[in-house]
Amino acid sequence: MGNTNEDTRLHGVVFSLVIHVLLLLFLLYFPLQGQDGGNDSDYVVLVDNRGMDKIAQAKPKRQQPKQKNDKIATAAKAQPKAHQKKVEKIHKEVAKPTVGKSYKTKANEGVKKETPKVNNKKTTDVNSVKKEQERKKKQEEERRRQEEIKKEKLIKKRRQDSIRRVQEVIKKKEEEAKKLLQNIMTTAQNTKKQEQNKQTNTSQSSSSSNVSAKSSRHKGLSMANRVFVSGAPKPSYLGNESGTIYLNLTVNPIGQVSKVTVNEGYTTITNQRTIDSAIAFVKTLKFNSVGNNQYDHGFYKLTYKNGGFY
């Protein structure tokens with residue numbers, strides 16, 4: 001009985017050791033994959049004091065930054081890498097079809113293969129950087145082009161302003177020259193007319209020496225630049241007052257008295273009939289005519305005394 005129990009115990013120990021060895025081989029060959037924690041999660045292997053492994057799923061470990069000389073790797077990290085290499089080796093041995101052409105095998109016969117979508121973030125980033133650089137380059141070229149256009153417009157405007165100022169100066173000089181020439185011509189014409197008037201006045205003064213002695217009676221008359229020709233000898237109404245009537249008169253170019261006004265400051269006679277008769281008398285006077293539109297001004301001082309005219 002004692003030997004039987006010892007054999008049984010020995011067989012049990014051997015059986016347990018075989019089971020443990022098989023379990024370790026299984027774990028080494030097939031890496032553990034988490035069901036609840038997701039793929040590629042880390043697991044913790046706990047070993048109790050009796051030498052029996054207990055496998056428990058733990059929370060994924062926080063990824064530590066890789067050290068340059070760190071060569072230590074856990075079994076959970078080393079096994080997925082080995083498995084990945086094995087899978088890559090299997091895929092390398094499979095013939096790759098020509099890009100853009102469909103192919104059939106026994107495995108995919110009758111199945112339409114779709115081109116897998118490539119989501120290469122690094123390539124996308126590079127393209128984005130290139131596009132951004134091209135966009136900035138285009139913006140810079142456009143900015144330079146606009147600056148060149150602006151400079152050309154500014155130069156053109158300055159040139160036009162310079163031409164305009166020169167034209168204005170030339171025009172101003174021409175106008176000044178025209179005005180000066182016109183003034184010279186006007187001065188020459190006036191000088192010529194004055195000489196003609198002098199000659200006319202000289203001839204008229206020589207002919208006026210034969211004028212009737214009636215003109216000597218108009219001793220109160222004063223008219224510059226004109227020569228008396230004819231007129232009534234005295235007013236038609238003299239009145240009874242004694243005093244003076246002072247009249248301002250204007251002679252037109254043909255020698256007629258065109259305007260007569262009473263200078264009240266020097267007039268002492270108040271009878272309106274006498275004043276009206278004196279105005280009518282002055283309007284009958286005739287003087288020599290002139291060749292231009294010349295008006296001359298003078299006065300006539302009429303003296304009355306006791307109903308007489310002096």
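Guide: This is a predicted model. Go to the start of helix α4, where a side-chain oxygen of Asn271 comes within 2.9 Å of the backbone nitrogen of Arg273.

Visitor: Which residues of α4 are buried?

Guide: Begin with the general idea. An α-helix has 3.6 residues a turn, so residues three or four places apart point the same way. In α4 (residues 272–282), the buried residues are Thr274, Ile275, Ser277, Ala278, Ile279, Phe281 and Val282.

Visitor: What covers the buried residues of α4?

Guide: The cover includes β5, β6, β8 and β9.

Visitor: Is strand β5 enclosed or open?

Guide: Buried means under 20% relative accessible area. Eight of the nine residues of β5 (residues 243–251) are buried, so β5 is largely enclosed by the rest of the structure.

Visitor: Which strands pair with β5?

Guide: Look for bridges. Nine of them join β5 to β8, and these strands run antiparallel. Five bridges link β5 with β6, also antiparallel. Take Thr250: it stands opposite His297 in β8 and opposite Lys259 in β6.

Visitor: How many residues lie between β5 and β6 in their hairpin?

Guide: Five. In that turn, Gly255 has a positive phi of about 95°.

Visitor: Where does Arg226 lie, and is Arg226 buried or exposed?

Guide: Arg226 lies in the loop between β3 and β4. Its relative accessibility is 8%, so Arg226 counts as buried.

Visitor: What polar partners does the side chain of Arg226 have?

Guide: It makes a polar contact with the side chain of Asp296, at 2.5 Å. A polar atom of the Arg226 side chain also lies 3.0 Å from the backbone oxygen of Gln294. Arg226 contacts Gly255 from the hairpin turn as well.

How values were computed. Residues numbered from 1 in each chain as written. Predicted model: local features only at pLDDT ≥ 70, side-chain atom pairs only at ≥ 80, totals over all residues. Heavy atoms only, no water. Buried < 20%, exposed > 50% of the residue type's maximum accessible area, 1.4 Å probe, protein only. Helix = DSSP H or I, 4+ residues; strand = E, 2+ residues; numbered from the N terminus. Pairing = 2+ DSSP bridges. Contact = heavy atoms within 4.5 Å. Polar contact = N/O pair within 3.5 Å; in protein donor to acceptor, adjacent residues only side chain to side chain.
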